[in-house]
Each structure stands twice: as structure tokens, then as C-alpha cells.
Number of protein chains: 2
Amino acid sequence: QEGSIFWFYFASHPVGNMPSLSVPPPKCLQKPLVVPHHHMFGPGPSNVPPRILEAGANPVIGHMHPEIFEIMSDIKSGIQYMFQTQNKMTLAVSGTGHTAMECAIFNTVEPGDSVLAAVNGIWGERAAEMAERIGAKVNTIVAPPGGYLTNTDIEKALSKHRPALFFLAHGESSTGVLHPLDGIGQLCHKYNCLFLVDSVASIGGTPLYMDQQEIDILYTGSQKVLNAPPGTAPISFSERACQKVFNRRTKPVSFFLDLNWLANYWGCDDKPTRVYHHTGPVTAFYSLRESLAVLAEEGLENSWERHETVAEYFHAGLESMGLKLFVKEKVRKPTLTRLPTVTTIVAPYGYDWKEIMSYIMKTHNLEISGGLGPSVGLVLRVGLMGCNSSKANVDMVLAALRDALKHCHRSKV
Amino acid sequence: QEGSIFWFYFASHPVGNMPSLSVPPPKCLQKPLVVPHHHMFGPGPSNVPPRILEAGANPVIGHMHPEIFEIMSDIKSGIQYMFQTQNKMTLAVSGTGHTAMECAIFNTVEPGDSVLAAVNGIWGERAAEMAERIGAKVNTIVAPPGGYLTNTDIEKALSKHRPALFFLAHGESSTGVLHPLDGIGQLCHKYNCLFLVDSVASIGGTPLYMDQQEIDILYTGSQKVLNAPPGTAPISFSERACQKVFNRRTKPVSFFLDLNWLANYWGCDDKPTRVYHHTGPVTAFYSLRESLAVLAEEGLENSWERHETVAEYFHAGLESMGLKLFVKEKVRKPTLTRLPTVTTIVAPYGYDWKEIMSYIMKTHNLEISGGLGPSVGLVLRVGLMGCNSSKANVDMVLAALRDALKHCHRSKV
């Protein structure tokens, strides 16, 4: 009713000789924004601590002000620490993990290049699709859901396809696999191939050493272990990757993601001045800086250890309830293949996994998730990342699962 | 010093048999984040009211939760109102204005298509570059900086090049020109061409009617008249544009910006369920919703009128100080060609424009900007957008300029 009066007011007071509005102000926007608080224990985004949310509510400054350049420089140092890299070409893309994935592929791949993607879940499929869209010749090596590839598998494929780029998801959050990385960078370089690693779901929660492991391009998202809101994506390019990027024959398809421009905006090139490229999401940069500061305060190794200890506690608790983990193999460190950040639980036999999810959200205000891609229908996924990775939260999840198994419908089959 | 002790601690307590860290935690992140408050009177980003900043500090929820789908639906209604369109295919891209520009071009243009770009400043140049990168045959029609194209110029070019897409910047913020729109959509359709309009700097501050003016693709950014932080970009596609997009022979180069996927994520297609595409920047969506609510509360026509009245007051004040406006022609409504949101002032004779900018920032804590692209060195740019568009702020800018002209160095020439 109010909306109609509002509308009548404007319709009867046109400015000058302008035509009147054909679309009235929407009534839904008269209601205040209401955002519930949930325990975000799915595979991401994860809960954002007040400290990081508040950082993002600081006043907006210009995307070319000296103050934002200093914040961006701090972010760069934070990413170098998180990634364990000295790479000069280290920055955050103004977008989510998918934007970083496209940034990596658009800049390092030219039409006609051969690309090899390891597919052990959804991320390898998406990387393959992105490379295909820009005209690469794409081959895949597929691991069964919940499994991983051996270095022998990988070397065989590198030797057969001679790709310019090899993609691998370190933390395959759709299946819960932490893919071993050791020796793969060295294999890629033996075959003159760049090594691209997606660490969106893993980094910060488990050891990763970009330089020592000879990873050429590495990226992540802000909303996982970092506990910042989604919207920025750290990425880094090795010297070897830059050699390829800056000696291309063709321009990358995207102006927005062209590393020549991004490098200048982030002060990663040697040019004395920065040229306007795009308007960086400055408030998202504040949150990202804060989240990197939190990680640096705790210390990477402490964070890794905490995630591993909590995951082991969680996995033992699940097994003692009679639930099964989707990733079967349990090898000792350093070749642990269960992600400590995202756990895949075999969908409990005789139950509807959707009902379990909904029950837990409704009754315990707690998000857990179903499968994704090849694991849809097969698993429940629980993410305990960054500040969410604690034994107290494990206890909360285990209690919720126990309660769900008691109250959800179970078929007689 | 603290940093070193910190580092020593970790180096001496490696977890298991992992190699020690080669990159220590950066000292710069031990300092708290400090963000100054400036009057953001450049061409954007503009100041964000506390109400909108606070909306963005709400807790993170999932990118596929029913609550976020409701917020996205509200955003969609708000954009339809702001754009004056009934288009079902209306959403916000997870990125800045440049992302929306690429989203528009990537989806509507196929390799080999002919594209025509009106260049009357930097935006036309960038659109042309984006289309070239994906293999379009690009032609441009160029207006002199500060000028604009007539419908006769445009029809001649349409008839000559027979483009599939015509790009025009409505608010050319680099030169301060508000380009007339009337009749151009109809001309494009006469030549079977889609009409793409960049309204990043103009919409909400001056009349624009997407449907009535037969615009096929329209986009803007969150950080201008809307006064939200940069990071989301409203966009809308007409039925005619969708016909082209959904009957392409090739896939768009970007998976992230593929309208098939975005349409599903935003509930703009007729599919019963939404499939995971990417992790939307949920907190940026909160701010965007709030900014659209602010606009709906004031009412579009009131907002247009306020921006125009304030701009006229500003322009009169500048002229009474002896300053000249870069956009010479001053025609009466409805063909006003000076942007009411971003004003370009001819760089005062005998002064160094950079010194004026710095002086005003240092002394008055107020951002104004130099030229961009074709206007570099020629102008100063002042943006008064959204909540910043008020006579009080005009008085503040005029006082700062008066002060700068008194205190900055003036050559004897």
C-alpha cells in the first residue's frame, strides 16, 4: 500500500518533460536487510571473525591512493608468507577463486597450447573447460573419486601429451582428497611444462611450499582458511611462469585479468608509476589484509598443526559413531591424503542426505553440505577452516550428526 | 625485533618432519590496519554512508543459502528499478565495472563478429580492446574529447560497418560528457545491431530508461551513484540480447562470466534448481542491496533532480571563480551534455594540476582527480555522486579550489 502511494507521488511529479517511470520502486527493498548467523561448517565460505568483518567496514578510499598501495603491499607480503614464496609476481585478483583460476589459465595458455588437467573431482573439470574455451588442446588424467594420481601416472601423461601447463587441485574439496604434491613440480619442469596448483581449499590448513615444491602458479580464495568474505583471490606466478606470460604471441582474452596490467596495479613490475587498470575492491582488500595478519600472528606451522590435529580428532569421532570416511586410504605423514580442512563422510546408509543437511541447519543452525560434481549423493561434506577449526566445533558437529541420525527418517532397506 | 623472536620460535619447532619455512611472517602485518577518512570527490569510488558499510559487515552466509537467494532477488528488483527495465535477465556480476564490460562483450560477441565502438574517451577504447582480444572485427567512431556523436554520425557508421554490437558510454567520466541516448537504440535495431551502454558514471544521477530507450545491454558499478564499495556490477540483458547470447555457435571465452551460468545462479532462467557456479561475494551483495534500498527510498526522479540541481550550482560556482568547464556546449534539457555526476574543469592556466590535487588532498582532506586517457593534463575532475551530491559539498570543493589557486605555484607565463 505504501509502495503505491510512493509510486503515485513520482508518477505525478515528473521532472521537466521526462517520461514517467515504468518500473516503480520495489516493495521488497522497503524491508530491512536481515542476515541470519549460521555456523558455516560447509566447504566454504567459512565464518568471518568480527575483527575481519570490521576491517571491511572501514571508509572507502581511492583505488589509486598511496594508502591503498601500502595495504596492497602488506597483502602481497602476507600472501608470500602464506604461499612460502619469494615471487615478486604475487597479488590478489579482484574476484573469487574462479576468477583466479581464469587469471592463471588466461595468462599462461595461448590458443593451440596443450594443457593437461588432473581430474580427481570438480576443479580439474572446470580448469579443463576454461582452457578449452580459449582454444587450448586439453587432455585429462582422471583419478577415481576419493583417489589420487601417482607421480608415475603423471609422468606418463606429461611424456605423452607434452603439455605447456599441468593443472592439479591440491585440496579437492568435492571429494575430500589432499593430493600429494612432492616431486610433481620437478617432473613438470623435466618436461618443460608449467605447474599450476589450485589450493583454494587447502592452503593455510596443511603444509605447502610454493618455491620448494616448484609450483609455477598458485592461487586460493579469501573465504576458506583465511576466513575473509569471498571476493578476493590471492595468486602468485614464478619467474618461469612470467617468462611464458610476458613472451606470449597473443594477448590474453581478458583485459581485466591481463597480468601485464595487474602486475602494474600491484606494483609487481619495475615501472615507476601505476596506471589505472580497474577499481580494486578496496574494502575487500582491508578484510583480506586483516585475515593475512591473523594467519601471520598464529604462524603458518601452528595453523597447519591445528587443522591436522582437529581433523584427526574429527575423523576419529566420526568413525567411533560408525560413520565412514569417503577417502579410504590413511597413510601417515607426509603423504596424508585426507584434507584436514574439508572432510567427506560417506552418506549414511538408508538415510536421505538432503534430509540430514536440512535437519542440521534447522535444528542446530549449522551448515554442512552435500557432495559436489562426482561426489553428489555419495557424501556429506564438513569444512572446519581457519577459526572454525577447533575441537569445540568438532564436538558440535558430532552432536548434530548424532542427533540427525536419531531423528531423520531411515528406510527399512 | 619481535618478528625475529616469533620466527625463531617456528623455525625451531617444525611440525613432524616438514621442512622449515623459508619466508618468515611479514613484520608489516604486525601493524594494525589504518584507513584514513577522505572526502571522496573524485570520479569514484565515492564515500559510502555508514548504513551501507554496516550492511556489508553482517555475518557471511552461504552463496547457495535460501537467504542469499532472497537478497539476490531483492537486488534484481532494485536494479530493474534503477535501470527502468522489465528484463528478466538482470543481475549483478561479482566484480567491478570492467568485469561487467567483459561480461557484456564476452556473451554477445563471437569471434569474427563486427563490433562498433563509439570512442569519446577511455571507455570506448577499452570496449574496443576487449572485443579485439576475443577476435571481433572492431571499428570505432571517434568524437573529439569533450564532444559527442550525433545520431547521423552513428547511423552512417552502422550502415557502413553493419556491426552485431554497438558500444556507447553514456557517462564518459574521462571527459565529463553525458552522451545523448535518444533514438540510438532504434537506429541500432533498424540495422539489426545490439545496443550496449556503459552507464557506470551516469546512472542514478541522470534520466535513463533502458526499455524505452531500447538499450539491449546496460551495466554500471556499485561505487558511483550507488555509494556501495567497489566489487559488484549491476547488468541487464534485453530479450533481443538474450536471443543472441543463447543461440551462439561458440562458448564465451569465460566460464566465470558465461551468462548461461550466471542466469541460473541469479534465478533468471526457468530451471527449477540452481547449480553451483561460483562463490558470490555475499557481503558485497548485502551492501549492494542496501545501496539500492537507499535509491528506492529517495526515488529515482528525486535523485536525478538532485544531481542536476547540484551540478548546475557547482558549474555556476566554478564559472563565477573564472574557471572553465571542459564540456563547452550547454544545451537545455533534455539534451544536456554535461555529466551531472562528474565535472571536468579545464586545468587552470599557469598551474600544475598535480600540485592542485595534492594541495587539496593535503590541506582539505578531499580527493579530486586529474584527467584520464584523452583528458590527462587537460582537466581536473570532480565527482559528486549519490550522497556526495549536495550543495554543502559543492561549497567545500569551491572553497578548496579557491584556496588552492591562491596557494599553489603559478608560473609567470
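Begin by selecting both chains of this predicted model and displaying the polar contacts between them: between chain B and chain A there are 34 residue pairs in polar contact, with both residues of each pair at pLDDT 80 or more.

Taken as a whole, the residues of chain B that touch chain A divide into 56 nonpolar, 32 polar and 17 charged.

Stay with α10(B) and look along its length: at 1.5 Å a residue, its 17 residues should span 24 Å, and the C-alpha atoms at its ends lie 25 Å apart, which agrees. Then step just past the helix to B:Gly299, which takes a positive phi of about 95°.

Now show the two chains together again, where 105 residues of chain B are in contact with 104 residues of chain A. Between them the chains bury about 8,800 Å², of which 63% is on carbon and sulfur atoms. Select B:Leu29, B:Arg133 and B:Glu301, which supply 9% of the area that chain B buries against chain A, more than any other three residues.

Finally, turn to the salt bridges, of which the rule finds four across this interface. One to select is the pair A:Glu129 and B:Lys251, whose closest N and O atoms are 3.3 Å apart.

Note on methods. Residues are numbered from 1 along each chain as its sequence is written. Chains are lettered from A and ligands numbered from 1 in the order in which they are written. This is a predicted model: local features need pLDDT of at least 70, side-chain atom pairs count only at pLDDT 80 or more; totals for chains, interfaces and linings use all residues. Side-chain values use heavy atoms; hydrogens and water are left out. Contact means heavy atoms within 4.5 Å. Buried area is the accessible area (1.4 Å probe) that two parts lose on being put together, summed over both. A salt bridge is a side-chain nitrogen of Lys or Arg within 4 Å of a carboxyl oxygen of Asp or Glu. A polar contact is a pair of N or O atoms within 3.5 Å; within protein, one must be able to donate a hydrogen and the other to accept it, and residues adjacent in sequence count only if both atoms are side-chain atoms. Ala, Val, Leu, Ile, Met, Phe, Trp, Tyr, Cys and Pro count as nonpolar, Asp, Glu, Lys and Arg as charged, and the others, Gly among them, as polar. Helices (H or I, at least four residues) and strands (E, at least two) are DSSP runs, numbered from the N terminus. The expected span of a helix is 1.5 Å times one less than its number of residues.
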